Amino acid sequence: MSRLKSTRTAICTLALLLTGSALSSAQAAGTLTIATVNNGDMIVMRQLSQEFEKAHPDIHLNWVTLEENVLRQRVTTDIAMKTGQFDVVTIGNYEVPIWAKQGWLTEIKPDAAYDVNDILPSVRDSLTADGKLYALPFYAESVMTYYRKDLFQKAGLTMPDAPTYDQIRQFADRITDKTNQVYGICLRGKPGWGENMAYVSSLANTFGAQWFDMSWKPTLTSDAWKATLNWYVSALKADGPPGATSNGFNENLALFASGHCGIWIDSTVAGGLLFDPKQSQVADKVGFAPAPKGPYGKGPTWLWSWSLAVPVSSHQSADAQTFITWATSKDYVKLVAAQKGWVAVPAGTRASTYAAPEYAKAAPFASFVLNAIKTADPNGPTAQPRPYTGAQFVGIPEFQAIGTQVGQTVAATLSDQMTVDQALTSAQTSITRALRQSGRAR
Amino acid sequence: MALKTKTSTRIGVTILAWGIALWLFFPIFWMILTSFKSDVQAISSPPKLVFMPTLSSYAEVFERASYWHFALNTMIVSVGATAIAIALAVPAAYSMAFMPSKRTRSTLLWMLSTRMLPPVGVLVPIYLLARNTHLLDTCTGLAIVDMLTNLPIIVWMLYTFFREVPAPILEAGRMDGATRWQEMTMVLLPLALPGIASTALLSLILCWNEAFWSLNLTSSNAAPLTAFIASFSSPEGLFFGKLSAASTLAVAPILIFGWISQKQLVRGLTFGAVK
Amino acid sequence: MQAVFEHSPPAGATARSTKRTGFLLLSPSVLILLVWSIVPLVMTLWYSVQNYNLVDPTLHGFAGIDNYWYLLTDPDFLHALLNTFVLVAGVLLISVGGGTLLAVLYDQEFFGRGIARIMVISPFFIMPTVSALLWKNLMLHPIYGVYSAMMRAVGLTPIDWLARFPLMTVMMIVAWEWLPFAVLILLTAVQSLDGEQREAARMDGAGPIARFRYIILPHLGRAISVVVMIETIYLLTIFAEISVTTAGGPGVASTNLPYLIYSRALLQFDVGGASAGGVVAIVIANIVAIFLVRAVARNLEA
């Protein structure tokens, strides 16, 4: 410990040299530091937060906006080491239960006016641990199919009300027109547990595959996983855009919005962006359908919510709760509607949003998204019993590393470095290792 | 005849040199060009060279992030780190160059090997130290880390410059009764100034562009331009215009600074090549 | 240069005082570097034998060599090690080889030389994150990228660079950043070459290749050592370029050692594992230091 102390003295002496340029690290009282992810809805929240500061003159807001991966690393380090740099953090329903179990998050108890029961039950449940609510959803998403109505019409195709993956593949083959840079199907291919593996996991669910059996033995070499990856790889190779291994949600959104994709299966949150003529060149040509079904057809379904939570290490817990209840309130939804239009309101969280006739009019996909999220059940049954929760992720801390590593292996099959069988065998081995290392399967 | 070959060689050299220069510079040119496009124009295929320039991407970038806050932090950190590093390195290099001992060489090599410390491996220790000393998210803390990562190279560079200074000149000064301090400040520093200036410039550039520590040791108060870029690197939807505008803003100060000081940089980086 | 060695060693009391002054002047730098390298190193060594995971505090206690065992027996470890060396060697080769040729080229008189030189060294001023984003999105993107548009314009199918040739593409991006640095230093060295020497060689009827081989190249030895030294130090710890462009993939095709440590340990906040990785990387860096840096240093002393 004395070594630490001498370092401190040394560093402090150095610090004195820098006094001229040093900025104070002390937080002014009443300043909330908010860590958010850099997506559209959060940017809007940041702009509209001036209204919050007007209503609460004693609370000043300080924003840290980062890309998803950087944000996750920063926030986790901060919270795990109880540094207390952040008063409000943006996290997903993957983190909430895990962090709540560690005692890192403050329980949220909104007042009656907030109307907690207005929050869609599936979303609320995903942010609840042991009957206590630990985060409030800013927006929530499930999965659906987007397609180009004009391309389908030209090819004489109609999208069924409940497509299957076999049908999707046939449609994609028909509308692919590589000379004009129109690719039949766009899917996430960028390696990462929250990128390609979010899609592949939910694909696996409906193909009857799953990550682990009840004894935490990985089941990646099952026939169902083979079928899953075979479908995924062959569809993307035959009808996908070049560079599929670099395409995550954002890249695919850009591709679809600029007219390069025929079909895209991804988060429901893309609807608001694809139907917005300012951001999309195909706004009047987008059709939508439910997520396709595979051979198993059932299984847990994709549910993600970007939510606001207050770390216990925050020194301004009360102010922080005031802010997050404001940012996820009914009034906030109305504020966005008034300033940015109904199509831009945060989707998927509140029943009252979907009850508003203006929203239904501005966003033709609204009722559809509502239905997808209402029926989303991340805890739904897989083909075999399973020890974990989550649909497009596995609700254990190790999944970030496991998912990303398997995500790389899957990407390697897309770029022909491995066959599907090799990839699954290698994934099986690496997961077994990772679980043994973390002590879960010791 | 001779003249003719000379002319044709010269034309060949001109074309080749310009061709390579344009090719290497092209990505930067394209980034600046794209920053004046809207997001929709930016992804048009094939890419457009002629278009109606717009400042909309810049407007959006400024609306989303307080650029000047980040730029100021980067400036404070880079200048501060460089200044301290030079202040520490000059005496050290002086001692190594003019009062060499048996251990000088191994000390120098050891210093350089500390620079090979892989940041990912020591993130947690450094983070803990910074937190316990309340240096997290301060310009001071980041400047210290940047200074320490660059110090070995700076000491080494100064050492090579100092060794170029002929010892008799210093000795002549000492004969006149100059103290060590006077010898260093009055005789050595003016002679080695071009080298010191180049070293400082190099250190400024390296600090400006350092990304790992600046992202991990700061959050808001001291967040530099590398954090600014991290908020534009992959946002939702079409982003090439915004990304280009933010990138241009992040590199513009150091790029312009580099262009201006380029001659000085070249003059100083002789590394004892002039003999 | 000779001057240093002719420095007459002062005798008696003056020698002792010189020694002390020398030590005093050197000590601040040595001291803080010592603190900077030893304290984290000791902490890293300590953590590397512990079970220490930020996200899972239930797991703690002495881990023995487990963390090292998991890293060293990782099937991807050797691959990452190889990639690290390929990346360092490749970039060094491109930047030193290309840098030497370009230095000679830009030493010639030609129209607009000043501006052309500025253009060539510009990439060195660009942040690694920005240059990676720039190349990935604006240049090499298979649909919107300029290079792809050019290939399409001449009737070729654009190449998906980051998927097909991930390591090579990362290498090219890094080389683009570091080539200008080599040009900068080597150009300075070429310029310092005595005009008379060159003229004499020309008079002797030496062709351009012979002049390059026998006059210029030997003169550049020291400058090349400088480039190799500084670049190696930075290239061993490349991270941002990989994380932005390929995230180490596809598979582990572009994973180097720092990235492997990040993806295996730090991504799940396994401090023990990351520390073991850090220790291994330090050992490797020091092996490199012994072999390469010493060879280079000898050249510098001469």
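Trainee: What pLDDT does chain C average?

Mentor: Chain C averages 83, and 91% of the residues score at least 70. pLDDT is the predictor's confidence in each residue, from 0 to 100. This is a predicted model: local features need pLDDT of at least 70, side-chain atom pairs count only at pLDDT 80 or more, and totals for chains, interfaces and linings use all residues. Residues are numbered from 1 along each chain as its sequence is written, with chains lettered from A and ligands numbered from 1 in the order in which they are written.

Trainee: How many residues of chain C are in contact with chain B?

Mentor: Two residues are in contact if their C-beta atoms, placed from the backbone, lie within 7 Å. By that rule, 87 residues of chain C are in contact with 85 residues of chain B. The largest share of the chain C side, 18 residues, comes from α2(C). By class, that side has 65 nonpolar, 19 polar and three charged residues. Ala, Val, Leu, Ile, Met, Phe, Trp, Tyr, Cys and Pro count as nonpolar; Asp, Glu, Lys and Arg as charged; the others, Gly among them, as polar.

Trainee: Where does α4(B) bend?

Mentor: The bend at a residue is the angle between axes fitted to the seven residues ending there and the seven starting there. α4(B) bends by about 30° at B:Ala89, and a proline, B:Pro91, follows within four residues.

Trainee: How many residues of α4(B) are buried?

Mentor: A residue is buried if 20 or more other C-beta atoms lie within 10 Å of its own, exposed if 12 or fewer, and partly exposed in between. In α4(B), 23 of the 32 residues are buried, so this helix is largely enclosed by the rest of the structure.

Trainee: Which residues have the most contacts inside the largest nonpolar core?

Mentor: Such a core is a set of buried Ala, Val, Leu, Ile, Met, Phe, Trp, Tyr and Cys residues joined through C-beta atoms within 7 Å. The largest has 326 residues; those with the most contacts inside it include B:Ala89, B:Leu158 and C:Val183. Beyond four places in sequence, B:Leu158 is in contact with residues including B:Ala89 and B:Ala93.

Note on methods
Helix = DSSP H or I, 4+ residues; strand = E, 2+ residues; numbered from the N terminus.
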